[in-house]
Amino acid sequence: MESRYPFQHSKIAAVLNRLHDAAKADKWKLARRAPLFLWSLLNKGEKNQRLMHLLFHDVYIPISKEQGALLYLIARAIHARRVVEFGSSFGISTIYLAAAVLDNMCSDGGTDAQVIGSELEPHKHAVATQNIQEAGLSDIAKILLGDAMQTFQTVEAPVDLVLLDGWKELYLPVVKLLQPKLRPGAVVMSDNIFTFKRALGPFLEYMQSGKNGFVSSTLKISDGFEFSVFQRPEH
Ligand SMILES: C[S@@+](CC[C@H](N)C(=O)[O-])C[C@H]1O[C@@H](n2cnc3c(N)ncnc32)[C@H](O)[C@@H]1O
């Protein structure tokens with residue numbers, strides 16, 4: 001039996017149910033694009049923005065409900081007030097994170113809380129913004145349009161929680177960009193560790209080596225969810 005959403009807001013749950021249902025069509029869309037995948041493999045993994053757009057412009061490729069519940073519970077446990085998300089797509093993970101930040105504000109008080117998402121594709125950005133509005137979370141969550149390596153330059157400290165779920169070659173540069181803004185005890189959650197184990201090798205080495213301020217382990221949830229805790233500021 002599927003577990004219930006951990007939060008109480010039925011409006012948010014209704015939007016998430018609609019979006020998770022819509023995301024079930026991803027597999028058919030991606031199956032029809034298999035020849036494009038093959039072409040990119042034959043061209044030595046050729047990856048450019050145009051190809052990535054053709055393959056992924058209208059698919060959700062979201063976190064699972066289980067991952068969403070875990071993100072919500074982590075954000076509640078660490079009293080997260082500022083959350084940064086690399087790769088928002090149509091806003092599913094953004095909504096889980098914003099639900100937690102909203103509930104933190106309700107229980108801890110204050111108004112200074114935000115979820116900062118990021119999305120390259122203008123259409124996804126527009127629809128995600130509508131979805132967040134429909135969930136009643138526009139005051140908390142904003143998705144920045146454009147390359148996160150640029151849009152995250154203005155993110156302020158302290159950051160409590162980061163979700164990494166954009167294109168995999170940027171996990172390491174994005175975490176290095178955000179690291180000076182992480183507060184001690186901040187959590188970084190990173191998706192798709194199993195599928196992209198090889199591409200994410202340098203990132204995993206950075207997070208798990210114990211030399212860069214993180215303690216980190218891969219959870220066997222969905223496609224592998226890296227759970228990293230930042231334990232000291234950089235010198
Ligand atoms: C796996 S999906 C994200 C799914 C989302 N986290 C969810 O659970 O619904 C990855 C998204 O990251 C976006 N993305 C990839 N590279 C990016 C970048 N450099 N800056 C901003 N967004 C990026 C892609 O356009 C894509 O929509």
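Visitor: If contact means heavy atoms within 4.5 Å, which residues does Leu178 touch, not counting residues up to four places away in sequence?

Guide: Leu178 touches Val84, Phe152, Val155 and Val162 on that count. Before we go on, this is a predicted model, in which local features need pLDDT of at least 70 and side-chain atom pairs count only at pLDDT 80 or more, while totals for chains, interfaces and linings use all residues. Residues are numbered from 1 along each chain as its sequence is written, and side-chain values use heavy atoms, with hydrogens and water left out.

Visitor: Thanks! Where is Leu178, and is it buried or exposed?

Guide: Leu178 sits in helix H9. Helices (H or I, at least four residues) and strands (E, at least two) are DSSP runs, numbered from the N terminus. Leu178 has a relative accessible area of 1%, so it is buried. Buried means under 20% relative accessible area, exposed over 50%, and partly exposed in between (1.4 Å probe, protein chains only).

Visitor: Let's zoom out. How many helices and strands are there?

Guide: The protein chain has 10 helices and 7 strands. Its radius of gyration is 17 Å, close to the 18 Å that the globule rule gives for 235 residues, so the chain is as compact as a globular protein of that length. That radius is taken over C-alpha atoms, and the rule is 2.2 Å times the number of residues to the power 0.38. Along the principal axes, the C-alpha atoms fill a box of roughly 55 × 45 × 35 Å.

Visitor: How much of the chain counts as buried?

Guide: Of its 235 residues, 51% do. The accessible surface of the chain comes to about 11,700 Å², with 58% of it belonging to carbon and sulfur atoms. Those areas come from the Shrake-Rupley method with a 1.4 Å probe; for residues, only the protein chains shown count as cover.

Visitor: And the charges, how far apart are their mean positions?

Guide: The mean positions of the 26 positive and 24 negative charges are 3 Å apart. Lys and Arg count as positive and Asp and Glu as negative, leaving out His and the chain ends.  Each charge is placed at NZ of Lys, CZ of Arg, CG of Asp or CD of Glu.

Visitor: OK, a strand now. How many residues of S1 are buried?

Guide: 5 of the 5 residues of S1 are buried, so S1 is largely enclosed by the rest of the structure. Arg82, Val84 and Phe86 point one way from S1, while Val83 and Glu85 point the other way.

Visitor: Which strand is S1 joined to?

Guide: S1 is joined to strand S2 (residues 114–119) by 3 bridges, and the two run parallel. Two strands pair if DSSP finds at least two bridges between them. Within this pair, Val83 stands opposite Val115 in S2.

Visitor: What about Ile61, where is that?

Guide: Ile61 is in the loop between helix H4 (49–56) and helix H5 (65–77). Ile61 has a positive phi of about 35° and is not a glycine. At 35% relative accessibility, Ile61 counts as partly exposed.

Visitor: Last topic: which peptide bond is cis?

Guide: The peptide bond from Ala157 to Pro158 is cis, with omega near -5°. Pro158 is in the loop between helix H8 (148–151) and strand S4 (159–164). Not counting residues up to four places away in sequence, Lys181 touches several residues, including Ala157 and Pro158. Lys181 is found in the loop between helix H9 (171–178) and strand S5 (182–190), and is buried, with a relative accessible area of 17%.

Methods
Contact means heavy atoms within 4.5 Å.
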